[in-house]
Amino acid sequence: MTLSADDTRWLAAAAALAERARPGSCPNPGVGALIVRDGLVVGRGWTQAGGRPHAEAMALAMAGEAARGAALYVTLEPCAHRSDRGPACADLVAEAGLASVIIGMVDPDRRTAGDGIARLMQAGISVTEADLTPVQAGLSGHAAALLLGRPHITLKLALSLDGCIAAASGESQWITGSAARSHTHRERARADAICVGGATMRADSPSLDVRLPGLEDRSPERWVLTRHSAPDGWRVLASPADVGAMGDVRYLFVEGGAGAAAAFLAEDLVDRLLIYRAPIVIGAGRPGIADIGLDRLASAHGRWTLESRRQFGQDTLEIFNRAR
């Protein structure tokens, strides 16, 4: 079934709601749900901190009897497995008397993986599976954990026009302006963990916290890429290849320096690039990325697709996704 313009709009709105769940819902996926009747929202919800209640349960509780005959827009297939912490959302939705359910992504969790959709259809509910990039992007950590066995990894670089992250002396504060730095803090707040290289930790002693009003409590876990010990308050990642053993981390934000960036890129573990570029030329500065073992220029092409470009004052942000 083809989505209408209204379906696309409501599903995008559900995806925006899902953003509120990150990172507090970890290790559960951050899901958003809207219940719409006669063009009006009668219920809405997103996965709560700790993973429960789920988005559908929140939306149904708000809608009450108004859910009967309405449409549910939900970013992820309603779960089909029962838990000691609450009922299966597919059962809740089936019992609510909804007319239709529009789903942003089929759940790759084998405990659901199509069973939720089947249960809804058995209850006589019309089900539509969408294929919207914004919805799937919001669930990338959930998909990476289940399909790849590791977190979704974002690499952030703040560069001069000539690709430097610092002057030759090592001075790096600040390459970009305050608006771009505030956006970086917003990205930190969406991550479960943040990682820097051992050299960066020792040289800069970075706090890696979130310094945006109202989001200070969303500072991610601090990890350092090193084969040595780490100070109190830090956790050690011995190698990029060990990211699958980071526990409940679903979104990892790699923030420096050149060695750490190269290590993750060389292992082809970076899913998303954030390139903040300031309109300055440094010259003989320190490059943003060390050697990644690339020996042929042809091998560099076709790996990255531009998602978006935006301006923060004089600075430019380009977001790229790994083409896999």
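This is a predicted model: local features need pLDDT of at least 70, side-chain atom pairs count only at pLDDT 80 or more; totals for chains, interfaces and linings use all residues.
Colleague: Hi! Which residues touch the most other members in the largest nonpolar core?

Modeller: Those are Ile 35, Leu 72, Tyr 73, Val 93, Leu 98 and Val 101, out of 36 residues in that core.

Colleague: And which helices and strands each supply at least two residues of this core?

Modeller: On the helix side there are α1 (5–18), α2 (55–63) and α4 (115–122). The strands are β1 (32–37), β3 (71–74) and β4 (100–103). Helix α1 gives the most, with five residues.

Colleague: What does Leu 98 touch?

Modeller: Setting aside residues up to four places away in sequence, Leu 98 touches Ile 35, Leu 60, Ala 67, Gly 69, Ala 70, Ala 71, Leu 72, Val 93 and Ile 125.

Colleague: Which residues does the second, separate core include?

Modeller: That core has 22 residues, and among them are Met 246, Phe 264, Leu 265 and Leu 269. As background, nonpolar side chains in soluble globular proteins tend to be buried together.

Colleague: Why does Leu 147 count as exposed?

Modeller: Because its relative accessibility is 61%, and exposed means over 50%.

Colleague: New topic: what does the UniProt "active site" annotation cover?

Modeller: It covers Glu 56, and the annotation comes from an unreviewed UniProt entry. You'll find Glu 56 in helix α2.

Colleague: Is Glu 56 buried or exposed?

Modeller: Buried, because its relative accessibility is 4%, and the cut-off for buried is under 20%. Not counting residues up to four places away in sequence, Glu 56 touches Ala 33, Leu 72, Val 74, Leu 76, Glu 77, Pro 78, Cys 79, Cys 89 and Val 93.

Colleague: And which residues does the "binding site" annotation cover?

Modeller: The unreviewed UniProt entry gives His 54, Cys 79 and Cys 89. They are spread over 36 residues of sequence but cluster in space, with a largest C-alpha distance of 9.2 Å. Both Cys 79 and Cys 89 are also among the residues that Glu 56 touches.

Colleague: Where is His 54 found?

Modeller: In the loop between β2 (40–46) and α2. His 54 counts as buried because its relative accessibility is 12%.

Colleague: Last one: what is His 54 in contact with?

Modeller: Leaving out neighbours within four places in sequence, His 54 is in contact with Asn 28, Thr 47, Cys 79 and Cys 89.

How values were computed: Residues are numbered from 1 along each chain as its sequence is written. Side-chain values use heavy atoms; hydrogens and water are left out. A nonpolar core is a set of buried Ala, Val, Leu, Ile, Met, Phe, Trp, Tyr and Cys residues joined through side-chain atoms within 4.5 Å. Buried means under 20% relative accessible area, exposed over 50%, partly exposed in between (1.4 Å probe, protein chains only). Helices (H or I, at least four residues) and strands (E, at least two) are DSSP runs, numbered from the N terminus. Contact means heavy atoms within 4.5 Å. UniProt positions are given in the numbering used here, feature names are shortened, and annotations may be inferred rather than shown by experiment.
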